[in-house]
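Thanks for making the time this morning. I would like to walk you through some aromatic contacts and then a pocket.

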Amino acid sequence: MRPIDFFREFLRDPGQTGAVMPSGPGLCRLLAKTAGVPKADVVVEFGTGTGVVTQEILRQMPSTGRLIGLEINEDLARATQALCPDAEVLNENAAKALELLQARGLDGCDCIVSGLPWAAFPEVLQDELLDGAVAALRPGGRFVTFAYLHALPTPAARRFKAKLGQRFGAIGKTEAVWANVPPALVYWADKDEG
Ligand SMILES: C[S@@+](CC[C@H](N)C(=O)[O-])C[C@H]1O[C@@H](n2cnc3c(N)ncnc32)[C@H](O)[C@@H]1O
């Protein structure tokens, strides 16, 4: 899918798409590396968009690994699946991650790489999706997501960060990726070992 088509999806539903263009290569690499994709057996991606992060996860993942992408927009899910035949891309709500893993005989995943636009979501949706992420992670599993620097001071972005701290044993952030448009950083959050 061309960037202009992604922009069209943004115009159709800005609150769900949350970005005017796909993540750049540096941010995609940092997301996958920070998540621990090179050592993961089962990876889940929330909000694949056009599939740029999906491609990078496949590049870094062990050959025995399994990647399940969840994308709520049917056109974008189809575009990601066409770009990334080695991933299983489902046109599903990320909140259903655990149920979708269990339907495939999996007890959970080692990491979640999220592209969801958290700062554009109302509180109830942030809660639902974060609770779904925690439930889908195996003990000790890692959740990563990006945040745009210009949006960090907004109430929704601050609320999201606080919610990460309430649900995970340890959280942190990377340096900024200034070359991304717009500049962004990556949050990581580790689920307790149990
Ligand atoms: C900011 S875009 C990120 C796309 C891509 N990961 C990237 O970094 O370029 C967010 C994506 O999340 C998807 N999305 C929003 N809410 C979702 C949900 N509840 N479940 C799955 N996907 C969702 C949108 O359709 C959109 O494709």
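This is a predicted model: local features need pLDDT of at least 70, side-chain atom pairs count only at pLDDT 80 or more; totals for chains, interfaces and linings use all residues.

**Aromatic rings and a pocket**

Phe 160 is buried, with a relative accessible area of 3%, where buried means under 20% relative accessible area, exposed over 50% and partly exposed in between, with a 1.4 Å probe and protein chains only. Residues are numbered from 1 along each chain as its sequence is written, and side-chain values use heavy atoms, with hydrogens and water left out.

The structure holds five aromatic pairs, a pair being rings of Phe, Tyr and Trp (its six-membered ring) with centres within 6.5 Å, and planes under 30 degrees apart count as stacked, over 60 as edge-to-face and the rest as tilted. One of them, Trp 118 with Phe 160, is stacked, at 4.7 Å centre to centre and 20 degrees between the planes. Because Trp 118 lies in the loop between S4 and H7 and Phe 160 in helix H8, the pair ties together parts that are 42 residues apart in sequence; helices (H or I, at least four residues) and strands (E, at least two) are DSSP runs, numbered from the N terminus. Trp 118 also counts as buried, at 3% relative accessibility. Ring pairs link Trp 118, Phe 121, Phe 143, Phe 160 and Phe 168 into a cluster.

As for the lining of the largest pocket, strand S5 gives the most to it, with three residues.
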